[in-house]
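Dear colleague,

Please find below the structure that I am handing over to you. A summary of the findings follows it.

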Amino acid sequence: MTSKSVLLGSVRPAPEQPLARPGVDRASIGALVRKFYSRVRKDERLGPIFAREIVGDWEPHLEKMTDFWCSVILKSGDYQGRPVPAHLKLEDVTEVDFEIWLALFRETAAELFAPETAAVFVERAERIAASLKLAMFFRLDRAAPARGR
């Protein structure tokens, strides 16, 4: 082992552990997903965006999102999708839309779970939103300072 590999091993964060708390299982995560997306569909801004993307039966999307959140929270490995490419094609989504999405998610998680458990869901949702926003909106040409100043 080289000194470089030892150094890299020491800076890697520990992998997230599954959230093992009473009442946190596929059924409760599915309830969160369904209640959350019910709110999203009724939202003045987000509803039309989702309606354009998901036409007809919502059940396949809800199951996919349940798989996603089970993978995020329980580390189940159920989700096999690619969220970044799916979101990159959404041309009318703005950074502000993520704040609406997070507010609805926070509200739903707080209603369905104990505060400590809801906080874990929200923290992970915030990291996911930050990652998607970077993928969708960060551009080096906008982030780089102007030369010659």
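**Salt bridges**

Asp97 and Arg45 form a salt bridge in which the closest N and O atoms are 2.7 Å apart. Asp97 belongs to helix H6 and Arg45 to the loop between H2 and H3, so this pair ties together parts that lie 52 residues apart in sequence. Asp97 is buried, with a relative accessible area of 4%, whereas Arg45, at 33% relative accessibility, counts as partly exposed. Please note that the model is a predicted one.

A search of the whole structure gives 14 salt bridges. Among them is the pair of Arg26 and Asp67, with 2.8 Å between the closest N and O atoms. This pair links distant parts of the chain, since Arg26 is in helix H2 and Asp67 in helix H4, 41 residues apart. Both partners are partly exposed: Arg26 has a relative accessibility of 32%, and Asp67 has a relative accessible area of 21%. Arg26 and Asp67 also belong to a network, joined by salt bridges that share partners, together with Arg34, Glu59, Glu63 and Asp78.

Arg39 is a residue of helix H2. Is Arg39 buried or exposed? Its relative accessibility is 19%, and the limit for a buried residue is under 20%, so Arg39 counts as buried. The side chain of Arg39 meets that of Glu107 in a salt bridge of 3.5 Å, N to O. Glu107 lies in helix H6 and Arg39 in helix H2, so the pair ties together parts that are 68 residues apart in sequence. Glu107 itself is partly exposed, at 39% relative accessibility. A polar contact of 2.7 Å joins the side chains of Arg39 and Glu111. Leaving aside residues up to four places away in sequence, Arg39 touches Leu104, Glu107, Thr108 and Glu111.

**Aromatic residues**

The count of aromatic pairs comes to 13. In one of them, the rings of Phe68 and Trp69 have centres 5.5 Å apart and planes at 90°, so the pair is edge-to-face. Phe68 and Trp69 are both buried. The rings of Phe68 and Tyr79 are likewise edge-to-face, because their centres lie 5.1 Å apart and their planes stand at 85°. Phe68 is in helix H4 and Tyr79 in the loop between H4 and helix H5, so this pair ties together parts that are 11 residues apart in sequence. Tyr79 is buried, with a relative accessible area of 17%, and the value for Phe68 is 14%. One aromatic cluster includes Phe68, Trp69 and Tyr79, as well as Phe36, Trp101, Phe105 and Phe121.

The largest nonpolar core has 39 residues, of which Ile29, Tyr37, Trp69, Ile73, Trp101, Phe105 and Phe121 touch the most other members. Two or more residues each come from H2, H3, H4, H6 and H7, and the largest share, 9 residues, is that of H7. Phe105 touches Leu32, Phe36, Trp69, Phe121, Val122 and Ala125, not counting residues up to four places away in sequence.

Helix H7 covers residues 115-137. At 1.5 Å a residue, its 23 residues should span 33 Å, and the end C-alpha atoms are 32 Å apart, which agrees. The buried residues of H7 include Val120, Phe121, Val122, Ala125 and Leu132.

With kind regards

Notes. Residues are numbered from 1 along each chain as its sequence is written. This is a predicted model: local features need pLDDT of at least 70, side-chain atom pairs count only at pLDDT 80 or more; totals for chains, interfaces and linings use all residues. Side-chain values use heavy atoms; hydrogens and water are left out. Rings of Phe, Tyr and Trp (its six-membered ring) pair if their centres lie within 6.5 Å; planes under 30 degrees apart count as stacked, over 60 as edge-to-face and the rest as tilted. Buried means under 20% relative accessible area, exposed over 50%, partly exposed in between (1.4 Å probe, protein chains only). Helices (H or I, at least four residues) and strands (E, at least two) are DSSP runs, numbered from the N terminus. The expected span of a helix is 1.5 Å times one less than its number of residues. A polar contact is a pair of N or O atoms within 3.5 Å; within protein, one must be able to donate a hydrogen and the other to accept it, and residues adjacent in sequence count only if both atoms are side-chain atoms. Contact means heavy atoms within 4.5 Å. A nonpolar core is a set of buried Ala, Val, Leu, Ile, Met, Phe, Trp, Tyr and Cys residues joined through side-chain atoms within 4.5 Å. A salt bridge is a side-chain nitrogen of Lys or Arg within 4 Å of a carboxyl oxygen of Asp or Glu.
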